[in-house]
Structure formats: structure tokens, C-alpha cells
Amino acid sequence: MPRRLSRNSSLLTNTSRRRFLQGSAAALAGVGLSNCRRTIGETETVAPADDTTAAAPASGTLQIYTWADYTDDELAAQFTEATGIDVKIDVYDSNETMLAKMQAGGGENYSLIYPSDYMVTEMIGLDMLTELDQSRLVGLDKIRDKWQSPVYDPDNTHSVPYSWGTTGLLYNSEVLTTPPTDWNYLWDNSDVLSRKMTLLDDVRETMGAVLSSLGYSYNATDPAELEEAYQRLLELKPSLASFKSFGWQDELLSGDLLLSMVYSVEGIPVSLENPTFKYVIPESGSSVWTDTMVIPTSAPNVDAAYEWINFNLQPKVSQETVERLFFATPNGEAMTLLSKELLDNQNLFPPEDLLAKCEGIAPVGEANVLYDEYWTKVKSA
Amino acid sequence: MDKGIRPIAALTKAPTLTTVGRMLKSGIRPLGLLGPAGIWLLLLVVLPTLLITELSLVPGLRPGQPIESYGFLNYLRILEPTYLQVLQRSATFATGTTLLCLGFGFPVAYWLALMAPKRWRNLLLVLFILPLWTSSLLRTYAWITLLRSSGVINLVLTTLGLPPQGLMNTPWAVYVGMTYSFLPYMVLILYASLERLDLQLLEAAADLGANPRLAFWRVTVPQTLPGIAAGCLLVFVTSLGDFVVPTLLGGPNSMTISQLIYNQFLGVARNWGFGSSLSMVLILMVSMAIALLLKYGDRNPDIYS
Amino acid sequence: MKVAAPSTKTQDLPSRRRVSWQACLTVMMYCFMYIPIIVLGVYSFNESRYGAIWKGFSLTWYRKLMGDERLFLALGDSLKIALCAVAVSSVLGTLMAVGLAKYRFPGKSLYVGISYLPLIIPDIAISVATLVFLASVAVPLSLWTAIAAHMVFCLAYIAIVVSSRLQGLDPNLEEAALDLGATPTQALLKVLIPQLAPAIVSGCLLAFVLSMDDLLISSFTAGGANPLPIEIFSRVKTGIKPDINALSVLLILASGLIASCSEYFRYKSERS
């Protein structure tokens with residue numbers, strides 16, 4: 001039918017052209033935006049601190065695999081200016097993703113990665129990390145005592161601590177007039193807190209907290225202890241609103257939640273912004289986590305990696321980064337340079353005695369299977 | 001998809017080609033059409049899938065471990081009630097989302113394809129899918145603001161004198177979030193199908209005395225059945241794989257199959273064997289659903305034959 | 001809402017004198033789609049970084065966004081991956097859908113089944129498996145490996161959308177073209193493809209959006225490139241700041257504006 005043929009085809013070719021235009025328009029918008037930023041933004045250059053003594057002249061490119069908010073453009077720019085090495089940063093959102101990618105063969109380009117404490121122990125066990133040449137590192141003595149020979153890596157043979165934090169409870173002090181001081185508070189006040197509290201969506205943290213409330217270690221492997229913890233968690237579950245590692249801010253700040261188990265990195269900024277919300281580390285002990293810098297065995301540019309580590313160990317650099325990116329540093333000398341306000345923040349830098357009670361989360365070997373099974377049961381019953 | 005359209009009438013073409021040449025030609029063209037995609041699928045789908053199948057047969061495989069023995073332990077483990085519950089919950093969420101998307105998406109696609117002013121159609125369609133430009137994480141955060149007890153929705157309800165609803169951290173929130181994420185997909189696919197609806201058929205139906213509702217069920221739906229099938233399939237399968245929404249909007253009982261598999265690969269267990277077997281079971285279940293849908297979607301009456 | 005029906009009577013069929021219920025529902029659905037975007041917009045103008053605390057109107061986050069080079073690089077990476085993957089997949093996927101609709105051959109059901117696989121396999125499984133596969137053939141990770149991996153699901157989505165439209169297309173048209181002397185390739189290009197055009201474009205839009213939002217596949221197959229979702233999810237650990245909301249709002253506004261403008265200009269050129 002010739003008539004229909006011509007009408008359809010002309011209409012539809014118009015259609016396709018129109019839609020192509022719009023589709024490409026949308027795409028161009030994005031490309032345009034990403035290009036126009038270059039003229040709008042300004043890059044500041046800061047006079048670089050300069051007590052680096054490089055053992056060997058390093059050059060080329062350094063590719064780093066890290067968490068998003070540990071480095072920013074300014075840090076990279078400062079480094080490049082000080083050493084002439086180009087920095088490329090890839091980010092990941094979890095230790096496990098990083099490990100899986102490295103194990104599956106996708107990490108040969110990275111000279112430096114930032115695993116957390118338990119991951120360091122695991123990677124050492126998997127022979128994935130190079131032993132650090134301590135003579136090439138400058139400034140290790142400035143690290144605080146607690147991190148000079150940490151549990152996850154004795155004598156820092158394979159890693160350099162970069163930042164640390166704790167896990168605690170963030171609560172609404174207006175409504176909860178008797179403040180929580182320990183994990184047991186959650187069970188004792190489950191009627192008040194009913195459907196208004198959240199726990200972390202992390203099996204080791206949450207199970208660890210329950211274990212701690214029973215007096216056991218965060219790293220328990222005894223099946224009987226784990227079973228007890230599982231039952232206790234089930235008791236608490238009806239009062240829980242949800243398991244959330246992130247996304248709780250909105251509900252807590254608006255009063256729909258009264259208490260959340262949070263990481264210090266997220267909890268402390270909230271309490272600084274609105275003092276009604278207080279962050280507390282439970283007395284029977286919580287978990288302390290450390291993020292470190294390590295050099296994988298497959299690193300292509302080891303010299304540049306050492307440069308980067310040394311650069312970040314400089315107290316001034318460390319202090320500036322902390323003030324911009326807001327995490328706790330284990331660098332003792334950098335701490336002395338910090339503003340009094342930050343130093344006085346007991347949540348950012350808790351007192352030694354409390355810190356001593358905090359446990360690092362270590363790998364538990366075969367018990368992982370049990371942890372995973374209990375977690376699935378808890379989250380789907 | 002297999003309508004059995006008569007092969008292209010190569011025979012009516014240039015009569016000078018020899019039989020061999022003709023056969024070669026008619027053999028090359030399907031290869032040309034199906035070849036490139038086929039190679040891509042082979043390399044990046046078939047081979048990885050075979051890898052997953054192999055991993056699923058190794059009980060308790062950890063990455064980096066050499067493969068020692070094979071067995072069906074991973075599959076048997078899935079039959080435990082804990083895991084079956086997770087499967088069932090995911091299937092429920094996915095089915096519910098699909099029905100909601102179909103119910104709300106069909107009228108929108110219908111209006112856009114048949115009732116909207118012609119010159120605005122494409123723009124309106126693009127505008128409908130534009131919200132998906134935002135990351136799923138950000139969209140879901142926005143839903144938290146809307147759905148929480150003192151959020152916008154409850155604010156509106158209380159101003160109107162209606163009781164506030166506890167929507168946040170419940171399965172209802174998950175349905176809302178997932179429907180939001182997948183409604184545009186359904187609308188897009190249905191639109192593609194509805195746009196070619198021959199309005200003369202509807203006209204004919206009206207002339208024959210059918211009211212609009214009858215015409216809809218007897219004419220429109222059968223014509224667009226392939227689109228409906230494709231849309232439902234797409235939304236069902238994609239919503240099975242969503243884990244941002246159940247995590248952020250669901251309550252403490254929100255573990256879905258995708259989260260479970262994620263935990264096996266990247267969580268404490270790091271049991272790639274079990275994760276692979278869960279993936280295989282998922283693939284098999286969905287394949288069966290697809291096979292059914294394909295048969296169903298193929299039954300549309302061929303008006304012209 | 002009047003239907004602009006120039007000449008065809010067929011447009012009259014749905015009731016038109018009063019606003020149809022489909023139109024009402026559609027308006028509601030548009031509101032449904034855009035309300036969260038408005039929420040994000042409000043967040044992006046909030047002085048405080050937490051949505052629940054309103055500290056006053058400010059453009060701080062927009063300023064911060066403009067200085068955030070890494071975010072824009074991530075956006076650029078995402079766009080590169082999405083555009084390349086969708087462009088190539090549109091061709092391959094359409095050809096595949098056409099081929100599957102036309103021909104019968106041994107092993108066809110298997111081929112069809114395989115073409116559905118990318119949709120069904122859980123993202124995490126296919127990402128890890130693809131990475132292992134790439135590593136075993138010693139292919140270094142780069143932007144191209146990410147594009148290749150994205151192409152897989154883009155192919156599948158486009159093929160599904162196109163084939164749902166292929167059914168019930170009038171085969172006589174193509175035969176008529178052949179009878180009139182066109183080569184099969186010409187018949188394909190000039191008759192079949194234009195008929196499929198709305199479906200192809202719908203499929204492309206779908207695949208594009210999916211590619212832009214993909215996290216797991218990119219995490220495992222991209223090297224030296226940071227697509228936007230990875231950057232966003234990684235920042236979740238230290239709390240998402242509203243500069244990302246600002247980015248989303250800007251993207252949507254810019255795309256919507258450009259789409260509207262292009263439509264407007266095309267309309268004007270058609271009128272004159």
C-alpha cells in the first residue's frame with residue numbers, strides 16, 4: 001500500500017531525527033558541563049612543606065586506589081608540585097570490593113592502596129603486600145604509641161596508619177534525658193526506643209557490639225558465644241527500625257529516630273553541627289578502626305609510593321588534610337598543630353583510657369561462615 | 001520473537017546469481033546480522049557464565065583457593081529455610097513492583113503514544129525518563145525525606161486531617177522506591193509498542209459498536225502484548241537485582257537475593273561458590289519465567305495473515 | 001487537554017471533551033517522578049549539609065561543586081562509557097533483533113536465551129566473572145574494558161525493546177521494497193530501520209540511563225577511570241554532601257533545557 005508506506009516512513013524518519021537530537025542534546029549537556037567547570041573553578045596552590053628526603057628520585061605516575069574522602073584534588077596537587085609525580089586516584093566503596101578486584105587480577109596498576117585494619121591482616125596472609133623498607137620512610141616516629149605496633153600489623157611491617165575512628169552511639173539528647181552509656185542501654189530501654197533506633201548494617205560491627213554487651217570479645221569465634229549473641233540480637237530486633245550504615249542522618253535529625261549506631265566519621269560532624277545530638281562511645285568498649293596505606297606486591301611504581309607515604313606523614317600536610325577532610329589522624333605531631341577545638345573534641349580524639357577498651361576488628365577465620373549465617377537469619381526472619 | 005516471517009525474498013532479486021551464490025548470500029546476511037552481537041555475547045556473557053557455573057559446583061570456594069573438589073553442596077544449602085525465605089521475599093518484591101509499574105505505566109504510555117499532542121510526544125517522553133539521571137542512591141535519599149514519619153508526605157496528610165502513615169522502613173517504602181525507579185522503563189517499552197498501534201482498528205471497532213473499554217481489551221491489549229511482556233520481564237528482572245532501595249528504605253527484614261549474593265561475594269563469608277550457586281538458581285528461575293512470557297507474548301493474533 | 005488532531009478522525013476515539021482520566025493519571029505520574037528531584041533541589045540550596053536541618057538558602061554547594069574537579073572527571077568518564085557503549089550496542093542490538101526475527105536456524109533458542117542472560121545474571125556475579133575472565137586472558141583494565149562490559153547489557157536491553165516492536169510489523173513493506181528493486185541492505189536500511197526507529201531510540205535511552213547508574217560492573221572492569229556512581233557511593237562512607245545533589249539538579253536542568261530548545265527549534269523549522 002504505497003500511501004501508508006510514504007506517510008509512515010516520512011513521519012518516522014522525522015521522529016527518529018527528533019529523538020536523536022534530543023538524546024544527543026542530553027548527552028551534550030553532560031559533556032558540556034564537565035568541560036565548562038574548568039574555566040569556573042580555581043585551583044589554589046599552597047606552598048609545599050619540604051622536609052622530604054627521597055631515597056631515590058621517583059618519577060612517572062602514581063596510581064592510588066583509595067576511599068573517596070581521604071584525598072582530594074588539593075592534596076594531589078600539592079604532592080605533584082612537591083615531587084613532580086603525577087597522581088591518578090581511583091576510588092572504591094568497600095574493602096571487599098578492593099580485595100575482590102585485586103584478587104581477580106584487576107589491580108596491577110595500583111602502587112598504593114588504603115585497606116582497613118582487618119583487611120591488612122588478611123592481605124598479609126594472602127601475601128599481597130610488600131614489606132616496607134623502614135629506612136625509606138620518614139616520620140614514622142611521629143605516629144602515636146597506640147599505632148606504633150598495632151594488633152593488625154605488628155611493628156607496622158607492611159602498613160602505615162593513616163586515619164582512625166571509632167564506632168559509637170549517636171543519640172538525641174533532648175528526648176533521651178538519661179543518656180546511654182553502654183550497649184545494654186539499648187535492651188533496657190527498648191520500649192522507649194521502639195522502632196526509633198538503628199544499628200550498623202555491618203555484621204562484624206553489630207554482632208561485635210552485642211558480643212561486647214555480653215562481655216565477650218569483638219572477635220569471638222566460639223560457636224556458643226556467637227549463638228548467645230545471635231539470640232540477644234533477635235531479642236532487640238522488634239524494636240529496631242532498620243540496619244543502616246548510611247542514610248540515617250535525615251531521620252535522626254528530624255526526630256524520627258532517637259538513636260543510631262554510627263561510625264565516628266559520620267557521627268561527630270552531626271554532633272558538631274547540632275549539639276542536641278551527642279556521640280558516645282560505650283563503656284564496655286567499642287570497635288576502633290584504622291585505615292592504612294600499603295604497597296601491594298604488584299605495584300608498578302614503588303618509589304613514587306614511598307614518596308606519597310612520606311609526603312602524607314609530614315605533620316603539616318597531615319594537619320591540613322585533617323582540617324579539610326575531617327578524619328582523625330594517628331600522627332601525634334600533626335595533632336599538636338591542630339586547632340584546639342578539634343583537639344578538644346573528645347569524640348574525635350577520645351581519652352586514652354577509653355581508647356584502650358576499644359578493640360580492633362580482626363579476621364576470625366572459619367568463624368566467618370557462622371557470622372554470615374547468623375546475619376542472614378537476623379536480616380530475613 | 002519468532003514470528004516465522006518469510007525469509008527475505010532473495011529469490012526475486014537479481015536472477016543472474018547462481019544457486020550457490022544465492023545460498024552463500026542468504027547465508028552471509030544472517031551471519032552479518034547476528035555475528036557481531038553473537039561474538040560479543042560469547043566472549044563476555046557465555047564464558048563468564050560458564051565460569052560462574054564451574055564456581056558454583058565447588059563447595060565453599062574462597063577466592064585465591066585452588067579448585068580441589070566438586071559437589072552439589074552449594075545448591076543443597078539453598079534449600080535451607082533461611083535462604084528460601086530470602087528468595088521468596090525477592091520474588092514478592094519484584095512481582096509487586098512489576099504489577100504496580102504496569103498498572104501505572106500503561107495509562108501514561110497510552111496517553112503519550114495516542115493522546116498527547118504529536119509534536120510534544122518525544123519531549124514528554126524524554127522528560128519522563130529524565131529523573132533517572134540522578135544516581136539511585138540520591139533518589140532513594142530523597143524518598144527517605146518524603147516517606148519518614150515527619151516527612152513531606154505525612155506533613156501533607158496531617159494538614160489534610162488524615163492520619164500519618166508509618167511508611168518508612170517497611171515493605172511499602174520498598175515498593176514505592178522500586179516502582180519509582182522502574183516506572184520509566186515500563187513506560188518507554190510500552191510507548192514503543194503502543195506507538196505503532198493502528199488507530200484505524202480502534203476506529204473500526206467503534207464503528208462496529210464496541211465501547212472504548214471493550215475496544216481496549218479486545219484490540220489494544222492483544223496488539224501490544226509483546227510490549228507488555230517485554231516491559232514486565234524487564235522490570236521484574238531488574239527489580240530482582242536492586243539492592244539500594246531495600247537497604248535504605250526497607251526495615252530490618254529486608255534482605256533480598258541480590259544483597260545475599262553480594263554478601264557472599266564481598267561480605268564476611270567470601271564464599272564465591274555459594275554466591276555462584278545462588279546466581280545460577282536465580283538465572284534458572286528467571287529463565288523459566290522468560291520462557292513462559294515468550295510463549296505468551298507470541299500468541300498475539302496476526303491481523304494480516 | 002486538547003488533542004491537536006489536524007485531520008485524522010482516528011484521534012477522536014478516546015473521549016476528549018473533558019480531560020481524560022489517562023491525562024489526569026499521567027500528570028500525577030509526572031509529579032510522582034519529579035517530587036524527589038525537587039527534594040534534591042531543595043537540599044542543594046540548603047546551607048547545612050544535612051537535609052533535615054534547614055539553615056538557610058545558599059549557593060555554597062554549587063560553589064563547592066564547581067571546584068570539585070574529580071566529580072566532573074567522574075561524570076566525564078561515565079558519559080564516555082555510556083555513550084560509546086550505547087552507540088555500538090544500538091547497532092549490534094538492532095541487527096541482532098532483526099536477525100532473530102527473520103531467520104530460523106539450528107540453535108536459535110539457545111542464542112535467544114543467551115541474549116537474555118545479561119539481564120538476568122546478578123550484577124555482582126557477572127562483574128566478578130568478567131574480571132576473572134579478562135585477567136585470565138591478560139587484558140589490562142581500562143576504560144575500554146568497562147565499555148565492553150557495559151555493551152553487554154546495553155545490547156540485551158536494546159534487543160528486547162526492538163524485538164517487541166518487530167513483532168507484528170508488516171513484512172509486506174520490505175518485500176515491496178525488494179520488488180521495487182532495492183537490495184536487501186537497502187530494504188533493511190530504508191524501510192525496516194525507520195519503522196523500528198522509536199523502539200531503537202527508546203532502547204538507547206534505557207540503556208544509557210542504566211549505564212550511567214551502574215556501579216558493580218564498572219567497579220570491577222574499569223581501570224584508571226572512575227565512573228560517577230563509584231565516586232558517589234565511595235563518598236557515602238564519610239557522608240554525602242549536597243554538592244552531589246547540586247550536580248544532579250544541574251544535569252537534569254541542563255538536559256531538560258537542551259531537549260526543550262532542540263524540540264522548539266525543530267518545531268519552528270518545520271513550521272517555516
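This report covers the fold of chain A and the interface of chain B and chain C in a predicted model.

## Chain A

Chain A is built from 15 helices and 9 strands. Of its 381 residues, 58% are buried. The accessible surface of chain A is about 14500 Å², and carbon and sulfur atoms account for 52% of that surface.

## Extent of the interface of chains B and C

On the side of chain B, 105 residues are in contact with chain C, and the partner side in chain C has 108 residues. Together the two chains bury about 10200 Å². Carbon and sulfur atoms give 76% of this buried area.

## Polar and charged pairs across the interface

The rule finds 1 salt bridge between chain B and chain C. In this salt bridge the side chain of B:Arg139 meets that of C:Asp213, with an N to O distance of 3.2 Å. Polar contacts across the interface of chain B and chain C come to 11 residue pairs, counting pairs in which both residues have pLDDT 80 or more.

## Make-up of the chain B side

Helix α1 of chain B, residues 19–56, gives the most to the side that touches chain C, with 19 residues. By class, the residues on this side of chain B are 74 nonpolar, 17 polar and 14 charged.

Definitions and conventions. Residues numbered from 1 in each chain as written. Chains lettered and ligands numbered in written order. Predicted model: local features only at pLDDT ≥ 70, side-chain atom pairs only at ≥ 80, totals over all residues. Heavy atoms only, no water. Helix = DSSP H or I, 4+ residues; strand = E, 2+ residues; numbered from the N terminus. Buried < 20%, exposed > 50% of the residue type's maximum accessible area, 1.4 Å probe, protein only. Areas by Shrake-Rupley, 256 points an atom, 1.4 Å probe, with all protein chains shown as cover. Contact = heavy atoms within 4.5 Å. Buried area = accessible area lost by both parts, 1.4 Å probe. Salt bridge = Lys/Arg side-chain N within 4 Å of Asp/Glu carboxyl O. Polar contact = N/O pair within 3.5 Å; in protein donor to acceptor, adjacent residues only side chain to side chain. Nonpolar A, V, L, I, M, F, W, Y, C, P; charged D, E, K, R; others polar.
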